[in-house]
Amino acid sequence: MPEGHTIHRAARDHRKLFVGFNVAVSSPQGRFNIGAKSINKQQCVAVEAFGKHLLYDFTNNQSLHIHLGLFGRIKQRKLPVEEAKGEVRVRLVGKTHFIDISGPTICEILNEQAKSKLIGRIGPDLLRKDADPIKFFERVSRSRAKIGTLLMDQSVIAGIGNIYRTEVLWRQCVHPNKRGQELDRSQLENLWNDAQALLEVGVKHNKIITNFKKVGSVNTSSLNIYKKKKCPRCQGVISKIDISGRSAYFCDFCQPNS
Ligand SMILES: [Zn+2]
């Protein structure tokens with residue numbers, strides 16, 4: 001599943017391609033014909049990411065809402081347009097490039113009211129300047145749920161996927177099974193700040209990088225413990241557990257649960 005940084009990166013790229021232009025919108029696969037028609041040739045006024053949701057706003061106050069889910073993907077190409085390959089749900093054609101979106105979990109048109117409702121149920125997004133970390137602190141401090149679960153709950157905090165969850169908790173020495181209410185404010189601030197900094201690096205490089213140590217001029221790995229056997233800090237064994245259906249990794253020694 002794409003993590004938050006890839007969605008924000010897409011928003012940043014697509015903003016340059018579409019905002020200020022009339023965009024030709026179609027559904028090569030046919031499943032989104034009606035939706036595509038309602039925004040076709042309208043001027044795009046904004047492209048924004050909220051967590052893992054992408055929103056393309058048009059002058060007629062309609063927004064295209066995309067959530068890629070586990071299997072969705074976006075391909076970007078230079079003009080001229082080519083024949084669509086595979087099951088392309090929606091195609092957007094700008095002045096210089098076009099994009100094809102295939103296999104999204106959500107592809108729909110929202111009016112302003114529905115858009116506000118959607119945004120209202122997404123937690124503070126680490127990559128948005130208007131994000132309010134206090135909402136995250138308060139929500140977690142009240143919760144008996146595991147921090148490993150809370151970090152992946154997009155209504156609590158938006159942008160963190162499975163890899164960032166593992167890596168941020170390890171970097172901040174927090175066991176994924178700790179309850180939200182067991183964490184103090186400084187731990188929560190550190191989690192927020194670290195995750196935010198890592199996601200910003202992710203957007204910049206379009207890649208998840210959580211380990212900045214280099215041997216010579218090359219990084220041995222861009223990750224610390226995700227899918228690894230040994231902790232790079234203490235050389236201890238990395239354990240793997242299942243939290244809400246996804247694998248979480250941790251170091252028993254560096255992330256004590258007591
Ligand atoms: Zn360790």
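Q: Which helix packs against α1 at an angle of about 50 degrees?
A: That's helix α7 (residues 185-205), with the two axes 8 Å apart. Helices here are DSSP runs of H or I, at least four residues long, and strands are E runs of at least two, numbered from the N terminus. Axes are lines fitted to C-alpha atoms, for helices over the stretch in contact, and angles run from 0 to 180 degrees between N-to-C directions. This is a predicted model, so local features need pLDDT of at least 70 and side-chain atom pairs count only at pLDDT 80 or more, while totals for chains, interfaces and linings use all residues. Residues are numbered from 1 along each chain as its sequence is written.

Q: What do I call the angle between α1 and α7?
A: Angles under 35 degrees count as roughly parallel, over 145 as roughly antiparallel, 65 to 115 as roughly perpendicular, and the rest as oblique. So α1 is oblique to α7. As for handedness, a crossing is left-handed if the near helix is turned anticlockwise from the far one by less than a right angle, and right-handed if clockwise. α1 passes α7 in a right-handed crossing.

Q: Which residues make the contact of α1 with α7?
A: Two residues are in contact if their C-beta atoms, placed from the backbone, lie within 7 Å. On α1 you'll find G4, H5, H8, R9 and R12, facing L199, G202 and V203 of α7. Ala, Val, Leu, Ile, Met, Phe, Trp, Tyr, Cys and Pro count as nonpolar, Asp, Glu, Lys and Arg as charged, and the others, Gly among them, as polar.

Q: How do α6 and α7 cross?
A: Helix α6 (residues 162-171) and α7 cross at roughly 130 degrees, and their axes come within 10 Å. They are therefore oblique to each other, and the crossing is right-handed. Y164, V168 and R171 from α6 meet L191, D194, A195, L198 and L199 from α7. By class, that gives 6 nonpolar, no polar and 2 charged residues.

Q: What is the strand order in the open sheet?
A: Strands of a sheet pair through backbone hydrogen bonds, either parallel or antiparallel. Two strands count as paired if DSSP finds at least two bridges between them. Here 4 strands run in the order β2-β3-β4-β8, with antiparallel pairing. β2 (44-50) and β8 (106-110) sit at the edges with a single partner strand each, so one side of each has no neighbour in the sheet. From one strand to the next, the twist averages 15 degrees.

Q: How many bridges join β4 to β8?
A: Strand β4 (residues 63-67) is joined to β8 by 5 bridges. Look for H65, which stands opposite E108 in β8.

Q: Which helices lie across these strands?
A: Helix α1 (residues 4-18) lies across β2 and β3 (53-58), at about 175 degrees to β2. Helix α3 (residues 112-120) lies across β2, β3, β4 and β8, at about 130 degrees to β8.

Q: Is K146 buried or exposed?
A: A residue is buried if 20 or more other C-beta atoms lie within 10 Å of its own, exposed if 12 or fewer, and partly exposed in between, with C-beta atoms placed from the backbone. K146 has 21 such neighbours, so it counts as buried. K146 is in the loop between α4 (133-141) and α5 (147-150). Leaving aside neighbours within four places in sequence, K146 contacts P176, N177, K178, R179 and I243.
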